[in-house]
Amino acid sequence: MDSLAPLSFDAEALTSGAVEVIRPVGEYLVEQRVAEADIEVKGLNSLVSHVDKTAEARLVKGLQALLPEAGFLAEEGTAGASDNARFRWVVDPLDGTTNLIHGLPVFCVSVALVDGHQPVVAIVYDPNRDECFTAWQGGGTHLNGKPVCCADRSQLSDALVATGFPHWDFDRMDDYLEALTAYARGSRGIRRMGSAAIDLAYVACGRFDLFFEYSLQPWDIAAGLLLVQEAGGITCTFSGQDDTQAMLSGAETFAAAPGIAKEGLAVIRSAFG
Ligand code: IPD
Ligand code: CA
Ligand code: CA
């Protein structure tokens, strides 16, 4: 059950403080090269290196100092999971690990503070473009300090769609391909960036009109969900549930500009239904 009690801190000030922690970590990522010999395999096509772990440890140290009462859910496990804390920092130190390893400059740091299951502070920092997307509950979404919002397109035929291709969980591949086919036929085109956090940030600032992916993890999407919500967009599961706990699991992520959501979700419901 999500807590409804007022926040015990100034969310805008906390966002600014978190940005100060995150920026240098993003700059560190840009300078790193990972040799094949240094890659660890966590699971099928799930890679990690010393870069992810070093970045995460730096984030955990800085964020802990900002809000000592908050726990953590951090991808690489450098902070123990704290399931009972009301507030938790949900941290992906490097979203786009495979891109970084292959020298593709599309990756970011993604950090959210969640209250129960609802993100209340979000930062997605893309150090390659020096783009810092921020949001706090009730405060709107900003890109490098300037307000941004979702696109105002109203037809799928005018939309640019983003997705993440299945790469380790192929159980819903047929449904996924059905949706992909419908979007390919029905939209302006489809993009696969390789970073779910950047995909969601781009929905929030109107570059993409719709994003969908299944079998993500909380740290991939916690910050991006709030960016989209505060930018006026729609976020839900594939059945259209606006359920914070279900969404935060990352099992089914759908996000869209408000004028595209109904038509876009009909495609997903039909394919995955
Ligand atoms: C990955 C990215 C990618 C998505 C993968 C994620 P990582 O995160 O967000 O876009 O398709 O499922 O695992 O491993 O680079 O942090
Ligand atoms: Ca990730
Ligand atoms: Ca990661």
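Contact here means heavy atoms within 4.5 Å. By that criterion, Gln-32 touches Val-51 and Leu-100, leaving aside residues up to four places away in sequence. The model is predicted. Gln-32 sits in the loop between helix H1 (11–30) and strand E1 (40–43). Its relative accessibility is 17%, and buried means under 20%, so Gln-32 counts as buried.

The overall fold was examined next. The chain contains 8 helices and 14 strands. A compact globule of 273 residues would have a radius of gyration near 19 Å; the chain has 17 Å, which agrees. The C-alpha trace spans about 50 × 50 × 35 Å along its principal axes. Of the 273 residues, 55% count as buried. Contacts between residues at least 6 apart in sequence were also considered, and 66% of these join residues at least 24 apart.

The accessible surface of the chain comes to about 11400 Å². Carbon and sulfur atoms account for 51% of that surface. There are 19 positive and 37 negative side chains. The centres of the two sets lie 5 Å apart.

In soluble globular proteins, nonpolar side chains tend to be buried together. In this model, the largest nonpolar core has 61 residues. Those with the most contacts inside this core are Tyr-183, Leu-210, Phe-212, Phe-254, Ile-268 and Phe-272. A second, separate core has 38 residues, including Leu-67, Ala-70, Leu-100 and Val-121. Leu-100 is also one of the residues touched by Gln-32. Beyond four places in sequence, Phe-272 touches Arg-172, Asp-175, Tyr-176, Ala-179, Phe-212, Tyr-214 and Phe-238.

Two further buried positions were examined. Ala-55 belongs to helix H2 (residues 50–66). Its relative accessible area is 0%, so Ala-55 is buried. Ala-55 and Asp-92 are 37 residues apart in sequence. Their C-alpha atoms are 9.3 Å apart in space.

Gly-71 lies in strand E3 (residues 71–74). With a relative accessible area of 7%, Gly-71 is buried. Its contacts, not counting residues up to four places away, are with Ser-82, Ala-85, Phe-87, Arg-88 and Trp-89. Gly-71 and Ala-223 are separated by 152 residues in sequence. From C-alpha to C-alpha, this pair is 16 Å apart in space.

Backbone angles were also inspected. Most residues other than glycine have a negative phi. Asn-45 is not a glycine, yet has a positive phi of about 55°. Asn-45 is placed in the loop between E1 and strand E2 (46–48). At 44% relative accessibility, Asn-45 counts as partly exposed. Asp-130 also has a positive phi, near 45°. The loop between strand E6 (118–126) and strand E7 (131–136) holds Asp-130. Its relative accessibility is 38%, so Asp-130 counts as partly exposed.

Conventions
Residues numbered from 1 in each chain as written. Chains lettered and ligands numbered in written order. Predicted model: local features only at pLDDT ≥ 70, side-chain atom pairs only at ≥ 80, totals over all residues. Heavy atoms only, no water. Helix = DSSP H or I, 4+ residues; strand = E, 2+ residues; numbered from the N terminus. Rg over C-alpha atoms; globule rule 2.2 N^0.38 Å. Buried < 20%, exposed > 50% of the residue type's maximum accessible area, 1.4 Å probe, protein only. Areas by Shrake-Rupley, 256 points an atom, 1.4 Å probe, with all protein chains shown as cover. Lys, Arg positive; Asp, Glu negative; His and termini not counted. Charge placed at Lys NZ, Arg CZ, Asp CG, Glu CD. Core = buried A, V, L, I, M, F, W, Y, C linked by side-chain atoms within 4.5 Å.
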